[in-house]
Amino acid sequence: MRGRSSAPARIAFAVFVACVTPWRMVCAEDVETPANVDQIIVSASRLQTTQEDVGSSVSIVTQEELQQGKYPNVVEALQKVPGLDIVQSGGPGGNAAAFIRGADSAQTQVLLDGIELNNPASPNRAFNLTNLTLENVDRIEVLRGPQSSVYGSDAMGGVINIISKRAREGGHAVISSEAGSYNSFNNMANVSYGSQPFEFSGGATYQDVGNISAADASYGNPEHDAYRNTSLSGRMRFMPSEMADGAATVRYTRSNSGLDNMGGAGGDDPNRNYGNEEFFTRGEASGHFLKDEITTKVWTDYTNHNLFDNNDPNASNPEYLRSSYKGELLDFGTSASWAPVRYFSSLIGGETQGERATSNYFSDGQYGPYEDDMSWKSARTNSVFLETKTSYDEKVYLNAGMRYDHHSIFGSRTTFRMAPAWHVAEMTK
């Protein structure tokens with residue numbers, strides 16, 4: 001049932017805002033706002049690389065900028081990043097695609113703590129950014145330019161890497177609640193706890209936009225298309241000793257938005273809904289040897305995408321529609337890095353990635369029933385990658401990498417890349 005929130009719900013929300021706002025003002029002072037420009041860039045390389053040393057064009061949306069901007073989601077936070085265009089269809093909940101330097105959205109890889117979010121069920125394997133909220137996000141890194149030697153073909157245009165928050169010592173909590181025009185609500189909570197052997201940071205967001213319609217009301221379209229998003233996210237880190245640590249990330253999102261037939265007269269469709277349910281998780285373990293000269297890592301990722309588009313007949317549109325699209329991805333990987341001296345490090349690793357997708361489409365209208373059913377289809381990619389980083393006199397840097405992929409359908413390919421950087425002067429690279 002779509003439409004405006006009930007009066008009791010709005011009254012309860014107003015009471016909640018009155019109770020929560022003072023707490024948020026007190027807790028906000030404890031929020032970490034790193035301002036160090038020379039941050040670690042994990043998306044530019046599988047080796048630790050700072051923004052000053054990387055030979056690629058990188059922009060960082062810091063925690064401080066996320067707080068100052070009061071952005072409701074990742075899409076809004078990325079709007080001002082140079083070289084990146086976010087194109088969103090329709091209103092809230094509409095598909096949002098990222099284009100880096102004119103490359104196709106299918107050539108932009110989206111990562112969350114290393115989890116590949118690109119959807120196997122999408123025709124071009126792109127990822128819809130529209131439902132990514134910021135309740136547990138520390139920063140967002142945007143890497144422009146081809147990165148296939150590091151991350152494979154999905155990164156031909158660039159990488160958007162979303163980094164979860166890490167807990168500080170002790171327990172902390174932040175709760176915020178907002179209300180605005182068009183019957184809009186945005187509620188967010190983040191809790192964290194940090195100690196020597198264990199860290200946890202988790203968040204929850206509920207968004208409700210109830211009074212925006214794609215079909216113009218001036219053409220006699222009174223129905224509103226609601227958008228609702230519930231997101232839960234968390235990251236844990238274990239540090240049992242100086243020689244070992246582990247981490248786990250999990251995120252769940254469920255959203256629903258109303259769709260119309262068109263923007264003009266008769267465009268309203270009160271019965272059409274587009275839903276999205278996503279689940280992402282990753283677990284990794286690392287070992288550190290010879291005073292961190294050698295680091296080994298193993299990881300596994302799992303992603304699940306479920307989309308549906310449902311429509312019941314009404315006066316303006318007699319069509320009955322039921323469609324669903326499901327995609328899954330399971331990845332296992334391992335790597336070993338060696339950093340004997342400050343100006344040299346290298347890494348070798350491999351991963352195997354299995355993906356599968358299924359879809360079902362059924363409609364019944366003025367042209368009769370039609371059904372298109374695709375059973376589960378699967379593919380596998382086995383990869384080996386090598387990367388080296390070196391520097392001279394803290395002025396000249398070189399990052400080189402090579403990757404070999406064998407796809408179960410398209411065969412084998414090898415890609416390589418060299419990215420030099422030269423600090424000509426203090427403010428010039």
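## Basis of the description

The structure is a predicted model, in which local features need pLDDT of at least 70 and side-chain atom pairs count only at pLDDT 80 or more, while totals for chains, interfaces and linings use all residues. Residues are numbered from 1 along each chain as its sequence is written, and side-chain values use heavy atoms, with hydrogens and water left out.

## The open sheet

An open sheet with antiparallel pairing is formed by 12 strands, in the order E10-E11-E12-E13-E14-E15-E16-E17-E18-E19-E20-E21; strands are DSSP runs (E, at least two residues) numbered from the N terminus, as are helices (H or I, at least four residues), and two strands pair if DSSP finds at least two bridges between them. Strand E10 (170–180) and strand E21 (411–422) stand at the edges with a single partner strand each, so one side of each is left without a neighbour in the sheet.

Within this sheet, strand E16 (residues 294–311) pairs with strand E17 (residues 320–341) in the antiparallel sense over 18 bridges, and Thr300 stands opposite Phe332 in E17.

Leaving aside neighbours within four places in sequence, Leu84 is in contact (heavy atoms within 4.5 Å) with Leu78, Ala98, Phe99, Ile100, Val142 and Ile160.

## Aromatic rings

Rings of Phe, Tyr and Trp (its six-membered ring) pair if their centres lie within 6.5 Å, and planes under 30 degrees apart count as stacked, over 60 as edge-to-face and the rest as tilted; by this rule the count comes to 6 aromatic pairs. The ring centres of Phe127 and Phe280 are 6.2 Å apart and their planes stand at 65°, so this pair is edge-to-face. Both Phe127 and Phe280 are buried.

Phe279 and Tyr302 form a tilted pair, at 6.5 Å centre to centre and 55° between the planes. Phe279 is partly exposed at 31% relative accessibility, and Tyr302 is partly exposed at 26%.

Definitions and conventions:
Buried < 20%, exposed > 50% of the residue type's maximum accessible area, 1.4 Å probe, protein only.
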